Amino acid sequence: MTTASTLLHLWLPYSQMQTAPMPVEAASTSGSTITLADGRTLVDGIASWWTACHGYNHPHIRQALVKQAEAMPHVMFGGMVHQPAMTLARRLTDRLPGDLERVFFTDSGSVAMEVAAKMAIQYQLNRRREGRHKLLSFRGGYHGDTLAMMAVCDPEEGMHRLFGDALTPQVIADLPTTPETLAALEALLSERGHEIAAIITEPLVQGAGGMLFHEPETLRHLRRLCDEQGILLIIDEVFTGFGRTGTFFACEQAGITPDIVALSKALTGGTMPLAATIARKHVFEAFLSDDPLHALMHGPTFMANPLACAVANASLDLFDQEPRLEQVRAISAQMTAELEPCRSLPGVKDVRVLGAIGVVELDRLDDPETLKRAFIERSVWVRPFRRIVYLTPAFTITPDELSRLTSSIHHVLKDHLG
């Protein structure tokens with residue numbers, strides 16, 4: 001039983017520890033179900049921050065983890081490599097578009113994005129374009145909680161607004177989703193393009209910004225503008241990668257190849273921390289030199305952890321062997337049909353679905369904790385944030401489990417809005 005005394009030494013994420021309600025305690029997981037320490041079971045609607053794409057405790061992933069643990073849980077990646085990492089790097093580059101061919105492993109999405117930014121800035125330096133040290137990102141965007149990434153998130157985003165004066169100023173623009181915002185971005189780049197090393201964006205959906213969707217055409221505009229200005233395009237697929245938007249990578253829907261892409265979250269099927277920053281050939285070649293200073297001087301201690309690489313390979317096996325993208329299409333169709341009745345509820349602003357992402361946007365959300373407790377009372381795990389109630393379930397969720405989630409959203413919003 002979780003009590004105040006048992007939490008004495010914990011510092012929880014995104015929580016004001018003085019006022020936050022007592023968290024529930026998880027005891028075990030299976031498929032799309034979380035079993036709590038008190039015996040209650042919850043259907044998980046968010047797959048542990050979108051990571052558990054195959055559901056929890058998939059036997060193939062578990063077997064890969066045990067086998068690798070018996071052979072080699074970890075070894076340093078400095079001056080030494082191992083088969084799980086080499087295999088994973090090859091399999092990732094085989095699936096990515098174009099000549100994205102060099103993989104740098106880290107351990108979280110935020111760090112993968114830090115490495116992407118570092119690569120982009122050093123790429124310009126190594127190419128003797130010393131003035132290009134700024135990053136351009138977009139309002140509504142989110143790329144992690146580390147210091148440099150906070151500087152490229154939406155400046156009005158509540159989590160990071162406090163740090164405004166402590167961050168290195170970057171360039172923030174409106175995402176070019178309309179002719180007007182595209183013209184504004186073109187004008188901005190005409191004036192300041194010579195300062196910018198890279199443009200950073202999330203493809204098709206700005207996740208933590210409120211599950212804000214945009215069309216593939218937006219990515220094509222960014223690719224064109226980067227090519228015209230000599231700017232690198234960094235795509236943050238930490239959330240969207242591995243089938244979440246309906247294609248294996250979201251950038252596929254735009255038919256573009258970014259210069260650098262960051263992956264994490266579902267990379268290991270929600271089992272181990274692992275991330276990857278993958279660069280195109282011309283980016284990698286800019287670091288090749290007789291000068292040691294031209295090398296990428298970065299190296300996390302647990303980089304390319306063999307356990308994590310082994311389960312990531314097992315996760316890719318499942319994408320090869322089981323109909324994950326078909327399951328995403330079925331989830332998308334079911335959520336579209338079953339969330340639509342929420343549109344008529346008072347206080348609901350929009351209902352939208354993209355792949356295995358379902359969103360009910362509210363006019364306002366003053367008390368998310370009350371909604372969270374109401375969802376738990378209905379035996380589902382749904383965590384509203386900002387102004388949205390959303391679902392990002394495992395791709396293996398059953399239709400009945402998904403219906404429990406969608407019907408719970410309708411009932412809870414009906415009871416608590418208005």
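User: Is Arg 324 buried or exposed?
Analyst: This is a predicted model, where local features need pLDDT of at least 70, side-chain atom pairs count only at pLDDT 80 or more, and totals for chains, interfaces and linings use all residues. Residues are numbered from 1 along each chain as its sequence is written, and side-chain values use heavy atoms, with hydrogens and water left out. Buried means under 20% relative accessible area, exposed over 50%, and partly exposed in between (1.4 Å probe, protein chains only). Arg 324 has 2% relative accessibility, so Arg 324 counts as buried.

User: Which residue forms a salt bridge with Arg 324?
Analyst: A salt bridge needs a side-chain nitrogen of Lys or Arg within 4 Å of a carboxyl oxygen of Asp or Glu. The closest N and O atoms of the pair are 2.4 Å apart.

User: Which helices does the salt bridge between Arg 95 and Asp 320 link?
Analyst: The two side chains meet at 2.4 Å, N to O. Helices (H or I, at least four residues) and strands (E, at least two) are DSSP runs, numbered from the N terminus. The residues are 225 apart in the chain, and the pair links helix H3 with helix H9.

User: How many residues apart in sequence are the parts tied together by Asp 174 and Arg 139?
Analyst: Their side chains meet in a salt bridge of 3.2 Å, N to O. Asp 174 lies in the loop between E6 and helix H6, and Arg 139 in the loop between strand E5 and helix H5, so the tied parts are separated by 35 residues.

User: Which strands stand at the edges of the seven-stranded sheet?
Analyst: Strands pair if DSSP finds at least two bridges between them. The open sheet has mixed pairing and runs E4-E12-E11-E10-E7-E5-E6. Each edge strand has a single partner, so one side is left without a neighbour in the sheet; these strands are E4 and E6.

User: At about what angle to E4 does helix H3 run?
Analyst: Helix H3 (residues 83-95) lies across E4, E11 and E12, with contact meaning heavy atoms within 4.5 Å. Axes are lines fitted to C-alpha atoms, for helices over the stretch in contact, and angles run from 0 to 180 degrees between N-to-C directions. The angle is about 135°.
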